[in-house]
Amino acid sequence: MSPFRSHMQTALDEAAAAAARGEVPVGAVIVAPDGRIVAQAGNRTRELSDPTAHAEMLVIREACRLAGSERLGGHDLYVTLEPCPMCAAAISAARIGRLYYAAPDPKSGGVAQGPRVFSHPQCHHAPEVYDGLREGEAAALLRAFFAGRR
């Protein structure tokens, strides 16, 4: 088994790019079982006028398209903010193997906060979840973004 290699920096870079576009700074990356990044994105809800264009949804769509399948078993997802309930449901439906997220989202999270989608009895698949990976950096991006809007 190969040693763990985090791809959170790439997700943080995507979050910073999202902030530069005026989007909430959330970035996501999907990594294939062989360790290569297959999709990366930042939020694009405003740019695309699409409330589902969260970073997680964008990378899941692209990774599924590239795989030619709606399932991403064995893939890892890195995201800078705890996924919302919509994204958590998509992560489950895609059968993603591991979820790594940086900052918790007490207001809109769906994994450790709120509905806790993966522990719901109707959830068909729950990934392994690892939180707090570079939490300080992700939280700082979000704080700076929202401070500039208040």
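**Helix α4.** I looked up helix α4 (residues 85-93) in this predicted model and found Cys-87, Ala-88, Ala-90, Ile-91 and Ser-92 buried, buried meaning under 20% relative accessible area with a 1.4 Å probe, protein chains only. Helices are DSSP runs of H or I with at least four residues, strands runs of E with at least two, numbered from the N terminus. I noted that the cover over the buried residues of α4 includes α3, β3 (76-81) and β4 (98-103). Just after α4, Arg-95 has a positive phi of about 60°.

**Basis.** Residues are numbered from 1 along each chain as its sequence is written, and side-chain values use heavy atoms, without hydrogens and water. Local features need pLDDT of at least 70 and side-chain atom pairs pLDDT 80 or more, while totals for chains, interfaces and linings use all residues.

**Glu-56.** I placed Glu-56 in helix α3 (residues 55-67). Its relative accessible area is 4%, so Glu-56 is buried. Beyond its neighbours within four places in sequence, I found Glu-56 in contact (heavy atoms within 4.5 Å) with residues including Val-26, Ala-28, Leu-77, Val-79, Cys-84 and Cys-87.

**Helices α1 and α5.** I read an angle of about 5° between α1 (residues 8-20) and α5 (residues 135-147), with their axes 10 Å apart. Axes are lines fitted to C-alpha atoms over the stretch in contact, and angles run from 0 to 180 degrees between N-to-C directions. The two helices, α1 and α5, are therefore roughly parallel, the term for angles under 35 degrees. Gln-9, Leu-12, Ala-15, Ala-16 and Ala-19 of α1 meet Glu-137, Ala-138, Leu-141 and Phe-145 of α5.

Definitions and conventions
Buried < 20%, exposed > 50% of the residue type's maximum accessible area, 1.4 Å probe, protein only. Parallel < 35°, antiparallel > 145°, perpendicular 65-115°, else oblique.
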